[in-house]
Amino acid sequence: MAQAVSWKWQRRRALLSVVLLLLAYFLVPVEADPNGLRLALRSVGTLLLVLIVAVVVTGQVRRQIAATRQGTAAELHSLIRLAVALVAGLLAFALADFVVADSRPGEFVGLHTRVDALYYALATLTTVGYGDVHAQGQIARILACVQMLFSIGVITTGASIVVKQLTSRPRG
């Protein structure tokens, strides 16, 4: 019984975390800045955010693999954190795409809004790549390459762990 309550609480907490991440994604100010120093600092900040999220997601993947060997309580906690970290990774890349598109017109074709950036990041990270929004400039292509490598090495592993654990978990 206590485990069912914990599972429900963990799911609610994860859902709240994802909602807060989405709110932050859509509300954080990233408009272009004519001040070159501030623009450079914001670009470096965005890059650092992406790197931090990559480290966090990678760590969560490792913890989930270790937790699978420890038992269900540690496994559940690690699984929830991994799922939230994967969403954070997606949103960090979407934000980086939007910042590049907003500050350097011509880097992306068809990327004008945060929804476009989220769509592009999700299409890139899932390797769907519809082609309606695509990287055209060198900076955008480098960012897309980083997203693809991150997707192959981290997102794919993390998502497969989440799906495997959720589908093998008894319902209750």
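A residue is called buried when its relative accessible area is under 20%, exposed when over 50%, and partly exposed in between, using a 1.4 Å probe and protein chains only. Keep that in mind as we walk through this predicted model, where local features need pLDDT of at least 70, side-chain atom pairs count only at pLDDT 80 or more, and totals for chains, interfaces and linings use all residues. Residues are numbered from 1 along each chain as its sequence is written, and side-chain values use heavy atoms, leaving out hydrogens and water.

**Aromatic pairs**

The structure holds four aromatic pairs. Rings of Phe, Tyr and Trp (its six-membered ring) pair if their centres lie within 6.5 Å; planes under 30 degrees apart are stacked, over 60 edge-to-face, and the rest tilted.

| Pair | Centre to centre | Angle between planes | Type |
|---|---|---|---|
| Y25 and F26 | 4.8 Å | 80° | edge-to-face |
| F93 and F150 | 5.1 Å | 55° | tilted |

F26 is partly exposed at 38% relative accessible area, whereas Y25 is buried at 2%. F93 is buried at 2%, and F150 is buried at 8%. F93 sits in helix α3 and F150 in helix α5, so their pair ties together parts 57 residues apart in sequence. Helices here are DSSP runs (H or I, at least four residues), numbered from the N terminus.

**Transmembrane records**

An unreviewed UniProt entry places "transmembrane region" at residues 42–61, 82–101 and 139–163; such annotations may be inferred rather than shown by experiment. Over residues 82–101 the chain is 100% helix, with its end C-alpha atoms 29 Å apart.

Terms used
Helix = DSSP H or I, 4+ residues; strand = E, 2+ residues; numbered from the N terminus.
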